[in-house]
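I opened my notebook to look up a few things in this structure.

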Amino acid sequence: MTSPTTYGGRPLTPAPGVPTPELRVARFRPHARRLFWSALVLIAVAGAVGYFYGNLRAPFEDWMLLTAAAAAVLLLAVLPWATWWAHTYTITTRRVIERSGLFGTRRTELPHMRGYTIQVRRGPLQRLWGAGTLILSNGVDAPMRLRNVPSVELVHEVLVDQVEVNQILAHRDAQPATVPTAQM
């Protein structure tokens, strides 16, 4: 038995009963628009340090200015960026994985095989930036919320396709294997 040829970039369907390897379909982070204020703070602190360095009044010294600037950059620019960087969403051929956390990592998984509903929510700013929130609910566990997903419509289509393919493969593999009889 041969597998059909692939159309549109979909991988070949494995033969019945053969385990399928888990492949990464997409990995992305929430939309980076939340880093706008951090970038603005970084620019403002750089401008303020450049202006006030060497021009401070008598009770203040330059090391105080540099310390305050470093603290502001660390708390208002670096920490939000690191938090954003540590939050990832991964879609594989078997499941959706959400990982977040700087020091203690939290990981949530939702397998495609169980099937789930996908709800798309988009606010006015999310529509402006092409982002949105996907809510994945299988009816048993708490819903998984993928917040501020960039290119939300494309991700929605990928998830629908993965659920469909996984349910087809699960149904096919659940059928009893038929052995062709030899005809005389």
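My entries follow, and the model I worked from is predicted.

**Entry 1: the core**

I began with the largest nonpolar core. It has 15 residues. I looked up which of them have the most contacts inside it, and found L136, L146 and L159.

Then I followed L136. I set aside its neighbours within four places in sequence. The contacts left are V96, L110, Y116, T117, I118, P143, M144, L146 and L159.

**Entry 2: the sheet**

I traced an open sheet of three strands. Its order is β5-β6-β7, and the pairing is antiparallel. Which strands stand at the edges? I found β5 (117-121) and β7 there. Each has a single partner strand, so one side of each is left without a neighbour in the sheet. The twist from one strand to the next averages 25°.

I looked at β5 and β6 in more detail. Five bridges join them. T117 stands opposite S137 in β6.

**Entry 3: helix α1**

I turned to α1, which covers residues 36-52. The helix has 17 residues and reaches 24 Å from its first C-alpha to its last. That is close to the 24 Å expected at 1.5 Å a residue.

I asked which residues of α1 are buried. They are S38, V45 and V49. Seen down the axis of α1, the buried residues fall within an arc of 30°, so they line one face of the helix. They pack against α2 (62-85). On the other side of α1, I found W37, I43, G50 and Y51 exposed. After α1 comes G54, and its phi is positive, near 85°.

**Entry 4: S100**

I ended with one serine. S100 is in strand β3 (residues 95-100). Is S100 buried or exposed? Its relative accessibility is 11%, so S100 counts as buried, the cut-off being under 20%. Not counting residues up to four places away in sequence, S100 touches A86, H87, T105 and R106.

Notes
Residues numbered from 1 in each chain as written. Predicted model: local features only at pLDDT ≥ 70, side-chain atom pairs only at ≥ 80, totals over all residues. Heavy atoms only, no water. Core = buried A, V, L, I, M, F, W, Y, C linked by side-chain atoms within 4.5 Å. Buried < 20%, exposed > 50% of the residue type's maximum accessible area, 1.4 Å probe, protein only. Contact = heavy atoms within 4.5 Å. Helix = DSSP H or I, 4+ residues; strand = E, 2+ residues; numbered from the N terminus. Pairing = 2+ DSSP bridges. Axes fitted to C-alpha atoms, helices over the stretch in contact; angles between N-to-C directions. Expected span 1.5 Å × (residues − 1). Arc of directions from axis to C-beta.
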